[in-house]
Amino acid sequence: MISTSKELIHVYRKKVTPYLKDFHQSRGTIHLYLFVCLIIGAGALYSYFRGYSFFSVILLGGASFFFTMKWRSYRNRFKKRIIKRVMHELYPEFKFKIKGDLSLNKFRETKLFMSSINRYHCEDQLEGVVGQTNFKLSEVHAKYKSSGKNSSTRTVFKGFVLEVDFHKNFIGHTVVLNDIPVKVFGKWLGEKINDISFGKLKKVKLENVEFEDRFVVHATDAQEARYILSPKLMERILKMSHRKQEVRLSFYENKLFISLANRKNFYEPQLFGDIFPMKDLWAINRVICSVPEIIETLDLNTRIWTKK
């Protein structure tokens with residue numbers, strides 16, 4: 001896997017720099033669209049305060065929709081012409097797709113997040129094989145928008161979801177979550193909250209004290225959860241969690257799903273300033289290099305069990 005500064009700089013100069021002039025020019029048109037939409041927005045606000053609320057909503061909504069479509073078209077063209085070329089050059093053994101295939105239903109089923117979700121987007125998916133382990137790394141943004149007059153939107157999760165083959169066969173569903181209730185509400189109340197069952201998922205008690213302090217485990221089958229979460233794997237998950245801010249794991253349908261929170265938008269052109277600076281390529285490389293690192297840390301390539 002490429003990670004040296006010399007190779008990254010070479011790829012940036014070869015696959016990015018020659019095409020940026022064209023995107024600078026077309027971005028000027030995007031800026032013009034934005035300026036026009038801002039003028040329309042100002043007119044819509046003026047109409048609203050003059051009592052033409054319905055007209056102002058239509059006007060503002062139309063302007064927002066128009067700019068969103070133009071900017072989305074620009075972003076997709078950028079990804080097809082630059083990001084795909086960069087990914088192929090840096091990681092020829094992997095496949096990059098602009099549209100991810102981790103559906104909202106599947107994301108919900110993993111139970112990585114118990115909150116309600118009604119706005120969901122999955123994109124920029126990288127898939128391939130590391131050793132003997134198949135993986136998919138998808139950028140996900142899951143939100144919940146409330147209804148009513150004072151509706152609001154909050155982010156449930158933004159970051160990456162890593163989907164990998166697990167090296168043990170299992171039937172049930174086991175979820176490992178950060179023990180946030182204990183951290184927020186204290187040990188007594190936090191433990192009471194953790195004892196609440198999530199459908200068929202019941203809380204499982206494990207013997208590793210440090211793991212219990214950091215995580216809470218829910219599973220459909222306590223015995224199977226202990227089989228999956230062997231003492232060695234718990235140590236490895238702890239080791240991985242020390243490197244990441246927030247890590248959640250879901251063992252579901254013979255796969256392991258890992259959520260890695262990150263607020264940054266990767267693989268994206270910038271609306272202002274440098275369109276795609278070198279530091280953005282460095283950031284992408286760090287994320288992708290974390291995949292084999294996680295697979296190695298969790299020892300997922302070791303196939304001493306019946307699964308191959």
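**A walk through the sheet and its cores**

Setting aside neighbours within four places in sequence, Leu229 contacts Thr174, Val176, Leu206, Val217, Met234, Ile237 and Phe251. Keep in mind that this is a predicted model.

Now the wider setting. Leu229 belongs to the largest nonpolar core, which has 69 residues. Together with Phe251 and Ile258, Leu229 touches the most other members. Which helix gives the most to this core? Helix α3, residues 53-90, with ten residues. In soluble globular proteins, nonpolar side chains tend to be buried together. There is also a second, separate core of 13 residues. Among them are Leu102, Phe113, Ile117 and Phe157.

Zoom in on one pair. Strand β5, residues 173-178, and strand β7, residues 215-219, run antiparallel and are joined by five bridges. One example: Val175 has His218 in β7 as its bridge partner.

Over to strand β3, residues 133-145, where we find Ser138. Is Ser138 buried or exposed? Buried, because its relative accessibility is 3%, and the cut-off for buried is under 20%. The side chain of Ser138 makes a polar contact of 3.0 Å with the side chain of Gln125. Beyond residues up to four places away in sequence, Ser138 touches Cys122, Glu123, Asp124, Gln125, Gly159, Phe160 and Val161.

Last topic: backbone angles. Most residues other than glycine have a negative phi. Two residues here call for a look. Asn254 is not a glycine, yet has a positive phi of about 65 degrees. Where is Asn254? In the loop between β8 (247-252) and β9 (255-261). Asn254 is partly exposed, at 25% relative accessible area.

Then Asp299. Its phi is also positive, near 60 degrees, and Asp299 is a residue other than glycine. Asp299 sits in the segment after α10 (278-297). Asp299 is partly exposed, with a relative accessible area of 27%.

That's the tour. Thanks, everyone.

Notes:
Residues are numbered from 1 along each chain as its sequence is written. This is a predicted model: local features need pLDDT of at least 70, side-chain atom pairs count only at pLDDT 80 or more; totals for chains, interfaces and linings use all residues. Side-chain values use heavy atoms; hydrogens and water are left out. A nonpolar core is a set of buried Ala, Val, Leu, Ile, Met, Phe, Trp, Tyr and Cys residues joined through side-chain atoms within 4.5 Å. Buried means under 20% relative accessible area, exposed over 50%, partly exposed in between (1.4 Å probe, protein chains only). Helices (H or I, at least four residues) and strands (E, at least two) are DSSP runs, numbered from the N terminus. Contact means heavy atoms within 4.5 Å. A polar contact is a pair of N or O atoms within 3.5 Å; within protein, one must be able to donate a hydrogen and the other to accept it, and residues adjacent in sequence count only if both atoms are side-chain atoms. Two strands pair if DSSP finds at least two bridges between them.
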